[in-house]
Amino acid sequence: MLDSAQIRPDVAVCLHCGSRVPEGTTSREFCCAGCEVVHGLLVSQGLTRYYQLTGGKTAPAAEPARGRGLAWLEPLVARAEAAPGTLCSLELDVQGIHCAACVWLMNELFRRQPGGAGLTVDPALGKARMQWKRGAFDVGGFLRTVEGFGYLFGPSRKRPAPASLDLPIRLGICVALSMNVMLFSVSFYVGLTPEDAEVFQLFTRLSLALSALVVMVGGWPFFRSAWQGLRRGVPHLDLPIALGILLVFGTSLVQARGGRGDLAYFDTLNTFVTLMLVGRWLQQRVLERNRRFLLEDDGAEGLFVRRQEGERLSTVRVTQVAEGDLLVIAPGDLVPVDAELLDASARVSTDWMTGEPDEREVAVGEPLPAGAFNAGREAVRATARQSFQDSPLVALLRRAPDGTGRSAGHTRFWEAVSRRWVVTVLAVSALGLALWWPSGPDKALEVAVALLVVTCPCAIGIATPLAYELVQARLRREGFFIRATDLLDRLPRVRQVLFDKTGTLTLGRMELADRTSLDVLSDEERDVAFNLAARSNHPVSRCLSDALSRTGARFVPEARVTEHPGQGLEWMRDGVSWRLGRADWHQVCDSVVPSAVSLEAGLGETASPRTGVTSRPDAGSEPAPAQAGITLPGTDSGTPVLPRAPMRADGPRGSVLSREGVPVAAFPVREALRPDARREVLALQEEGHAVWLISGDAPARVRELAGSLGVPPERALGGLRPEDKACTVSRLGATDSLYLGDGVNDSLAFERALCAGTPAIDRPVMPGKSDFFLVGEGLSSLREALKLSKHLRHVARRLLMLAIGYNVVAVAVCLAGWMTPLRAAVAMPATSLATVLFTLWSLSAPRAPRSGLAPLARPTEVHA
């Protein structure tokens, strides 16, 4: 197995998480922006002991969420503050905890916050319980501080699955009991006979009592599962396991009561039950760990909004919003229904709905669309035009119904194996009973029981779950986290990979299209541009601010910058007017920079080659999918038709810096593409997968991106609404498609695809609907998962063939009457060990040769 220490040293390694840095990343020190930001915070705040505690085993850091609303927190804090006592207490869920270093970091940040009384973090469940002195602790401030390191908090909803508590306890009991039974059995094998009446009888009774406890404690999960399968008419592997346990125990009980405890299968029975429990535990361990990594999804019930009720301001669930309600939308909060803005203006982002990272200004009286977020710095008021039940978000936030295409038919292989194994084992046992019946019932029953013992499905009961666990753990280190139990069984069937565009193939943020525009700036111009951009939350401003901060630009705290909605930013510095924003906002002259583009133009404004003045093409200039020759099936009845995203012509984006109305520099920007997107898309196609781009963005822009990635233009579909995406998945083939998307506009398509995943774990709802999620900026883990799932299928089939070969030999020995308890006690664990070793060998990766450059070192302890 590859681990972080086995990565080739000539490959750049992330300073934060130790993952490989994807090829094409601008920084050779970090694999993603999240790791870079978190690393910077740890170093600047003297928290680098975190790296000593991780031991080189950590997942890539999620990029800290910007302006995330905490409306859900207010009623929880109010309830905690209203409780009696001097200390307030609150339990919350945490997303992103993966090791003891996370626990240390949160406790250290809590210790630095005044007014805190205690913090307890449970990394196994992903929960944190804090206590503070009433009125002396800023709960929201503490959460925002911790979320700056890539974590997320939410209401306490995580609960341990019953099996996660039940199986380890049962396994521990069975291991302890089995070890004692083995000690008693050794005495029988080395010569203890019925002639040693007192000791023989004592050891027999102890073995019987302890084995009865093992059957009751360890056998119950298999008895229950076998019975449930029979009630549904679907016999599976738990049936022969359950029958084997009962029959072997029954036969051993008869032998013990007859005074022949040396002929009982107590030790074999106990070992078998314990190994089967180990396999069952392995099946769930990594999956539960991955699920607890995220916040629990509660759909619409987990979203909150502030509602004004007279002179009171209440925080309510979005499901309680009615038409005519007066809503107060704080920065980062969601607009749950179509509403009308009551304040002068507001800046909103609809990226969650459209998948595009644009923000726009809304004036008083204009509509606020459902699904928009307040991207400004102040709360705004709006009147709800509809109740939440009529909101277009209802269809997108619903949970996937049972029986959808993603679950249909994926268990056929193992169901067929289980049924045939059950029938074969029972038939062979009956054959042995019939053949040896003339020799006496005792001998016939002994042969039948021996057949049930030696034909146990150890390869499937323990080796196969181990194989799945190894693959899931390996993928986790690559940044691919599996949430669905059967995903690895579905992935080999994938023939088509469907990508959403923005936030999936791109990073959902802007980057400078030409970094030389920074090199020509004077020191004064650089500082002015930085101070203007740093005071805006617009995506283009954030991009420019981040780029300028790396050039050594100085921040001026006393600068008074005025934001002109829809235009840009202005700073009167020493009597000189500096502006950063739209090109047509400046006093344009013939000397304007030819590449000047607009800050607020979005995707729909392009600059004139001669003057740099932006022009806006008519909305809808791009044909709808049907007009472009794309035929989509009709939408489902009952599914609300959401408004189509405006069609926008392709063009650059950016901003212009001017001095006294004279442009001095232009900063063209573009959507930042994932560093390995082109390589991975081409590799997927070379490996036989059909790659599609499915987007709500303008068709021209989608086709352009497809061309740059090597995707055929006929497989680039743009201008699609959420229901169009779902219909497209159905048309292309829901039984062999994998869909990767990041916005709630992909929700309906998720329900139709065979497999669905998301890289957007910082957004609500979508991670809970996903079969898997990605961490980091690379896409290589997706292709790795597809390859490993096929390899896993081959390994599982080889294990099955080995099990069949072993059982043919074992059945022959049993039918010949040569199987004894001692031979069974040796054969069963030996074959289990052999299959486990074969599994480890089959799924191991060769160690890379140590040559070339040394990996980048982690930082030493730095104190602030």
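Setting aside residues up to four places away in sequence, Asp-333 touches Gly-69, Leu-70, Ala-71, Arg-306, Ala-372, Phe-373 and Asn-374, contact meaning heavy atoms within 4.5 Å. The model is predicted, with local features needing pLDDT of at least 70 and side-chain atom pairs counting only at pLDDT 80 or more, while totals for chains, interfaces and linings use all residues. Residues are numbered from 1 along each chain as its sequence is written, and side-chain values use heavy atoms, leaving out hydrogens and water.

**Asp-333**
- Asp-333 lies in the loop between β7 (326–329) and β8 (339–341); strands (E, at least two residues) and helices (H or I, at least four) are DSSP runs numbered from the N terminus.
- Asp-333 counts as buried because its relative accessibility is 5%, buried meaning under 20% relative accessible area (1.4 Å probe, protein chains only).

**Helices α18 and α19**
- Helix α18 (residues 523–533) packs on helix α19 (residues 539–549) at an angle of about 140°, with the axes 8 Å apart; axes are lines fitted to C-alpha atoms over the stretch in contact, and angles run from 0 to 180 degrees between N-to-C directions.
- The contact involves Arg-526, Ala-529, Phe-530 and Ala-533 of α18, and Ser-541, Leu-544, Ser-545, Leu-548 and Ser-549 of α19.

**Helix α22**
- Ten of the twelve residues of α22 are buried, so the helix is largely enclosed by the rest of the structure.
- The buried residues of α22 pack against α11 (393–397), β15 (496–499), β24 (690–694), β25 (716–717), β26 (737–740) and α23 (747–752).

Methods. Buried < 20%, exposed > 50% of the residue type's maximum accessible area, 1.4 Å probe, protein only.
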